[in-house]
Amino acid sequence: MTYDKSRLDEAIKKNRGNELKPTDIINGPSGAEGPSEVRYRRMWVLDRHDLLNNLDSVHNRRRR
């Protein structure tokens with residue numbers, strides 16, 4: 001984590017407004033477990049979820 005607000009703003013901009021349209025999902029590459037982009041995004045979210053859950057163990061530091 002960081003206290004640098006510019007880095008935080010940069011990360012937010014990279015992750016905002018990048019939704020998939022239904023045609024993108026249908027026409028995109030697909031495997032046995034479904035569309036590859038959807039699988040990638042699911043794993044990305046789960047990784048971030050684990051990171052946020054681990055912040056519970058941080059004590060005596062500011063968490064905004």
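Q: What makes the nonpolar surface patch of about 250 Å²?
A: In this predicted model, Ile25, Ile26 and Val38 make the patch. Ile and Val are among the nonpolar side chains that are joined within 5 Å, provided that each residue has over 30% relative accessible area and no salt bridge.

Q: Why is Ile26 called exposed?
A: The relative accessibility of Ile26 is 66%. Exposed means over 50%, so Ile26 counts as exposed.

Q: Where is Ile26 found?
A: Ile26 belongs to helix 2, which covers residues 22–27.

Q: What makes residues 34–35 count as a strand?
A: A strand needs at least two residues in a DSSP run of E.

Q: In what order do the elements of the protein run?
A: From the N terminus the order is α-α-β-β-α, with three helices and two strands.

Q: How many of the 64 residues count as buried, as a percentage?
A: The buried share is 3%. To be counted there, a residue must have under 20% relative accessible area. The accessible surface of the protein is about 6200 Å², and carbon and sulfur atoms hold 53% of that surface.

Notes. Residues numbered from 1 in each chain as written. Predicted model: local features only at pLDDT ≥ 70, side-chain atom pairs only at ≥ 80, totals over all residues. Heavy atoms only, no water. Helix = DSSP H or I, 4+ residues; strand = E, 2+ residues; numbered from the N terminus. Buried < 20%, exposed > 50% of the residue type's maximum accessible area, 1.4 Å probe, protein only. Areas by Shrake-Rupley, 256 points an atom, 1.4 Å probe, with all protein chains shown as cover. Patch = residues over 30% accessible without salt bridge, like charges linked within 9 Å, V, L, I, M, F, W, Y side chains within 5 Å. Salt bridge = Lys/Arg side-chain N within 4 Å of Asp/Glu carboxyl O.
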